[in-house]
Amino acid sequence: MKREELIEVIQDGLANSLRIPHIASFRPEARLNEDLHLDSVMILQLLLHLELECGYEIPDEALSAEAFATVNSLVDFLLQLQQEEGAHPEISAEVAVEGGLA
């Protein structure tokens, strides 16, 4: 999945699944905690959204505070996971329709 697609999936997850009230502050440079007001539970919900909607398998030992500083750092983390695993998760049509992405 490309950077732009990941940003869109994250924005969609925050807007539609988590329904965060500060979605208007969303931009690639937005800080997850300070700008978007995500707490640790919301970040875990976002990770679950990425795992379910995109097929990512995010190992607990790979998690770090730096990866969750900004939208861009989260995207970098996910792209690095893709590269390391040689996986290119794609949103399946069935999941996209059920999850409301289509």
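Let me begin with the contacts in the protein chain, where contact means heavy atoms within 4.5 Å: of those with a separation of 6 or more, 60% are accounted for by residues 24 or more positions apart. What we have here is a predicted model, in which local features need pLDDT of at least 70, side-chain atom pairs count only at pLDDT 80 or more, and totals for chains, interfaces and linings use all residues. Residues are numbered from 1 along each chain as its sequence is written, and side-chain values use heavy atoms, with hydrogens and water left out.

A word on confidence, then. The predictor's confidence in each residue is given as pLDDT, from 0 to 100, and the protein chain averages 84, with 83% of the residues scoring at least 70. Confidence is highest in helix α1, residues 3-17, at 95, and lowest in helix α4, residues 93-98, at a mean of 39. Over residues 87-102 the pLDDT stays under 50, and for these residues the model has 23 contacts beyond four places in sequence.

Now the overall layout. The protein chain has 4 helices and 0 strands, where helices (H or I, at least four residues) and strands (E, at least two) are DSSP runs numbered from the N terminus. Of the 102 residues in the protein chain, 38% are buried, and by buried I mean under 20% relative accessible area, with exposed over 50% and partly exposed in between, using a 1.4 Å probe and protein chains only.

How do the helices pack? Two packed helices are described by the angle between their axes and the distance between the axes; the axes are lines fitted to C-alpha atoms, for helices over the stretch in contact, and angles run from 0 to 180 degrees between N-to-C directions. Helix α1 packs with helix α3, residues 71-85, at an angle of about 120°, with the axes 10 Å apart. These two helices are therefore oblique to each other, given that angles under 35 degrees count as roughly parallel, over 145 as roughly antiparallel, 65 to 115 as roughly perpendicular and the rest as oblique. On the α1 side the contact is made by R3, L6, I7 and I10, while α3 brings V71, N72, L74, V75, D76, L78, L79 and Q82.

Helix α1 also packs with α2, at an angle of about 115° and with the axes 10 Å apart. Here V9, I10, D12, G13, L14 and S17 in α1 meet L46, H49, L50 and C54 in α2.

Which residues does H49 touch, leaving aside its neighbours within four places in sequence? They are V9, D12, G13, S17 and C54. H49 lies in helix α2, residues 40-54, and at 8% relative accessibility H49 counts as buried. From H49 to D12 there are 37 residues in sequence, and 9.8 Å in space, C-alpha to C-alpha.

Finally, the backbone in the loop between α1 and α2. Most residues other than glycine have a negative phi, and most peptide bonds are trans. R19, which is not a glycine, has a positive phi of about 50°, and R19 sits in the loop between α1 and α2, where R19 is exposed, with a relative accessible area of 65%. H37 is not a glycine either, and has a positive phi of about 60°; H37 also lies in the loop between α1 and α2, and at 44% relative accessibility H37 counts as partly exposed.
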